[in-house]
Amino acid sequence: MPQTAPFGQYNAVFASIGALVTFYYTVRLLRSVIRGLKTFVLAKPLGLSTDVKRYGDWAVVTGATDGIGKAYAQELAQKGLNIVLISRTPEKLGNVAAEIETQYKVQTKTVPVDFTGGADIYNAIARELEGLKIGVLVNNVGMSYSFPQYFLEVENIEKLIPNMINCNCLAVTMMTYLVLPGMIERKKGIIINVSSASGMNPSPLLTVYSSTKAYMDFFSRGLEIEYGSKGIIFQSVLPFFVSTKLSKIRRASLTVPTPSSYVSSALGALGSETRTNGCLMHSIQGWVADAAPEWLVNAVQVHMHKDLRRRNLKKLEQKKAK
Ligand SMILES: NC(=O)c1ccc[n+]([C@@H]2O[C@H](COP(=O)([O-])OP(=O)(O)OC[C@H]3O[C@@H](n4cnc5c(N)ncnc54)[C@H](OP(=O)(O)O)[C@@H]3O)[C@@H](O)[C@H]2O)c1
């Protein structure tokens, strides 16, 4: 009996579609790999990164006394910029400012502010920033849940929702509103917005956090389209895990960089990437998440977050029982 192909006359059509899809994804992956190598391996040695010092005398960093924000403050000071540090705790601000002044011989200014406060806090910040030629604004401050939870189960949800929206959305919007006009006037400026990889896809059990980070990413990308042609560089930074207090990961590893190595890499991408996962390992994770079907990304996240939730709830119960 002659063998008949399972789809008869349509076999050639299916084979062509398969070849086209494979070709499309291979080209996409190759493009990403080449861009990643250019951005994170070649940009620095070839001097392709943006020279931040050309944009103004001062950098403003929110959430500047720990983790990623502190690393931005140090890295920008090392490049010769004076730094305005903004966070909650005056003592931490004083210590980081002194460290930076001694180590990098630049000026600092500290502004103690709690970004969970509403719109009222920005008049005071505006007064502190008056007269400074701000070349770089790093919108870094952010807060998350203490551990993954279903929306209605989150402890103190009535307080947490406005606090998180104020800290993660209002802060980036208002700080940009305060600083952008001076940059437009001088026809140059850099605004770096530290979003999160959890803003790339919905992050179940961290839904409010993930949604605020998607806001930050959209805000950055929208303004890049509005003002990119007026000399302003916007960069939306979407990290996966970095070893900080917020991530509760103390030890760095291949996929979890220290804040300073992460920031050094993300700054290297400034000028070439307006939206970046910040370092090569995180970009690889980003390409995989982009290429994978949405149901798979959701399933992996739900599994991971449910496990974290279970372990944290167990710890809480054990604490209560003591
Ligand atoms: N670490 C990660 O794995 C990761 C991954 C993706 C995205 N991110 C994003 O990266 C950013 C920085 O995170 P991080 O991990 O570096 O955090 P972190 O180590 O916890 O540092 C947070 C900084 O923000 C300040 N801060 C916190 N709440 C504040 C508030 N309400 N008002 C003013 N300042 C406040 C803290 O100082 P005080 O306590 O003195 O105020 C500290 O300087 C966040 O936007 C986060 O969403 C982090």
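Student: Asn156: buried or exposed?

Tutor: In this predicted model, Asn156 counts as exposed because its relative accessibility is 52%, and the cut-off for exposed is over 50%.

Student: Where is Asn156 found?

Tutor: Asn156 is in the loop between strand 4 (134-139) and helix 5 (157-186).

Student: What about the phi of Asn156?

Tutor: Asn156 has a positive phi of about 55°, although it is not a glycine. Most residues other than glycine have a negative phi.

Student: What is the phi of Lys105?

Tutor: Lys105 is not a glycine, yet its phi is positive, about 55°. Lys105 lies in the loop between helix 3 (90-104) and strand 3 (108-112).

Student: And is Lys105 buried or exposed?

Tutor: Lys105 counts as exposed because its relative accessibility is 68%.

Student: Another loop residue, then. Where is Leu81?

Tutor: Leu81 sits in the loop between helix 2 (67-78) and strand 2 (82-87). With a relative accessible area of 0%, Leu81 is buried. The C-alpha atoms of Leu81 and Tyr55 are 9.7 Å apart in space, while the two residues are 26 apart in sequence.

Student: Switching to salt bridges. How many are there?

Tutor: The count comes to 10 salt bridges. Side chains of opposite charge can pair when their charged atoms come close.

Student: Which residues are linked in a network?

Tutor: Asp66, Lys92 and Lys245 are linked in a network of salt bridges. In the pair of Asp66 and Lys92, the closest N and O atoms are 3.1 Å apart. That pair links distant parts of the chain, with Asp66 in the loop between strand 1 (58-62) and helix 2, and Lys92 in helix 3, 26 residues apart.

Student: And how far apart are the atoms of Asp66 and Lys245?

Tutor: The closest N and O atoms of Asp66 and Lys245 are 2.9 Å apart. These two residues are 179 residues apart, and Lys245 is in the loop between strand 6 (232-237) and helix 7 (259-268).

Student: Which of those side chains are exposed or partly exposed?

Tutor: Lys245 is exposed, with a relative accessible area of 63%. Asp66 is partly exposed at 29%, and Lys92 is partly exposed at 32%.

Student: What does Glu128 meet in a salt bridge?

Tutor: Glu128 meets Lys109 in a salt bridge, at 3.6 Å from N to O. Glu128 is in helix 4 (residues 122-129) and Lys109 in strand 3, 19 residues apart. Glu128 is partly exposed, with a relative accessible area of 33%, and Lys109 also counts as partly exposed, at 27%.

Student: How many of the lining residues are charged?

Tutor: Six are charged, with eight nonpolar and seven polar.

Student: Last one. Which residues make the nonpolar surface patch?

Tutor: Phe7, Tyr10, Val13, Phe14, Ile17, Val21, Tyr24 and Tyr25 make a nonpolar surface patch of about 820 Å². Ile17 is found in helix 1, and counts as partly exposed because its relative accessibility is 46%.

Note on methods:
Residues numbered from 1 in each chain as written. Predicted model: local features only at pLDDT ≥ 70, side-chain atom pairs only at ≥ 80, totals over all residues. Heavy atoms only, no water. Nonpolar A, V, L, I, M, F, W, Y, C, P; charged D, E, K, R; others polar. Patch = residues over 30% accessible without salt bridge, like charges linked within 9 Å, V, L, I, M, F, W, Y side chains within 5 Å. Areas by Shrake-Rupley, 256 points an atom, 1.4 Å probe, with all protein chains shown as cover. Salt bridge = Lys/Arg side-chain N within 4 Å of Asp/Glu carboxyl O. Helix = DSSP H or I, 4+ residues; strand = E, 2+ residues; numbered from the N terminus. Buried < 20%, exposed > 50% of the residue type's maximum accessible area, 1.4 Å probe, protein only.
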